[in-house]
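Please keep the coordinates open while reading.

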Amino acid sequence: MMAVTLDTGALIAMEKKKPRAMMLLRAAREQRAELFATTPVIAEWWRGRSDRRDDIKRGVTIAPLPLVAAEAAGMALGKIRDAGDRAKLAIDAMVMAFAALHGGAVVYTSDVDDLTRLHEYFPAVRILSV
C-alpha cells in the first residue's frame, strides 16, 4: 500500500475543496493509498471544529511524530542556513522526515518551494503540488 503524507497546505486545499486537491485525494483513494497527517500538521491547521474538518480527519490517519523523525527533521534544519520562518520550516521538515520513514512516500503540499529546500536531506520523498 502506498503511503501519502499531507502537509498543512494540502489539508487547507482539501478544506477549501480546491480542484487539484480533490483530484489528488480521489486518485490516492482509488489507489488505496493511506493518507497520513502528523500531529504537528494538525496543530498548524486546526482552528476549531467544522463538519468539513471532521470529514477530512475521518479520511486521514493522524499520526504522532516518531522520535526518529523529529531527530531527522532537527538535523536537516541545522544544515539550512537561511531558514526564514523557522517554525514553519520545522513543521515542513517534520513532514518530510515522517514521509521518509514511510518508504519514500509522497508528500502533497501547497508549498513545493519550502519542501524542495529539504529534499536533499530526504531524497526518497516525492513532493507533489496540490
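Is Trp45 buried or exposed? Trp45 is buried, with a relative accessible area of 3%, where buried means under 20% relative accessible area, exposed over 50% and partly exposed in between (1.4 Å probe, protein chains only).

## Basis of the description

The model is predicted, so local features need pLDDT of at least 70 and side-chain atom pairs count only at pLDDT 80 or more, whereas totals for chains, interfaces and linings use all residues. Residues are numbered from 1 along each chain as its sequence is written, and side-chain values use heavy atoms, with hydrogens and water left out.

## The tryptophan pair

The structure holds two aromatic pairs, a pair being rings of Phe, Tyr and Trp (its six-membered ring) whose centres lie within 6.5 Å, with planes under 30 degrees apart counted as stacked, over 60 as edge-to-face and the rest as tilted. The rings of Trp45 and Trp46 have centres 5.7 Å apart and planes at 70°, so this pair is edge-to-face. While Trp45 is buried, Trp46 counts as partly exposed at 27% relative accessibility.

## The parallel sheet

Five strands form an open sheet in the order 3-2-1-4-5, and the pairing is parallel; strands (E, at least two residues) and helices (H or I, at least four residues) are DSSP runs numbered from the N terminus, and two strands pair if DSSP finds at least two bridges between them. The edge strands are strand 3 (61-63) and strand 5, each of which pairs on one side only. Neighbouring strands of this sheet are turned by 30° against each other on average, direction ignored. Strand 2 (residues 34-38) is joined to strand 3 by three bridges, and the bridge partner of Ala37 in strand 3 is Ile62.

Strand 4 (residues 106-109) points Val106 and Tyr108 one way and Val107 and Thr109 the other way, and all are buried. In a regular strand the side chains alternate between the two faces of the sheet. Three bridges join strand 1 (residues 3-6) to strand 4, with Val107 as the bridge partner of Thr5, and four bridges join strand 4 to strand 5 (residues 126-129), where the bridge partner of Val107 is Ile127. The chain crosses from strand 4 through helix 7 (residues 112-118) to strand 5 in a right-handed β-α-β crossover, meaning that, with the strands pointing away from the viewer, the path from the first strand over the helix to the second runs clockwise.

## Packing of helix 4

In helix 4 (residues 51-58), Arg53, Asp54 and Ile56 are buried. Seen down the axis of helix 4, its buried residues fall within an arc of 160° and so line one face of the helix, the arc being that of the directions from the helix axis to the C-beta atoms. These buried residues pack against helix 1 (8-15) and helix 3 (39-45), with contact meaning heavy atoms within 4.5 Å. The face of helix 4 turned away from its buried side carries the exposed residues Asp51 and Arg58.

Thr38 lies in strand 2 and counts as buried at 0% relative accessibility; not counting residues up to four places away in sequence, Thr38 touches Ala63, Leu65 and Phe98.

Note on methods. Axes are lines fitted to C-alpha atoms, for helices over the stretch in contact, and angles run from 0 to 180 degrees between N-to-C directions.
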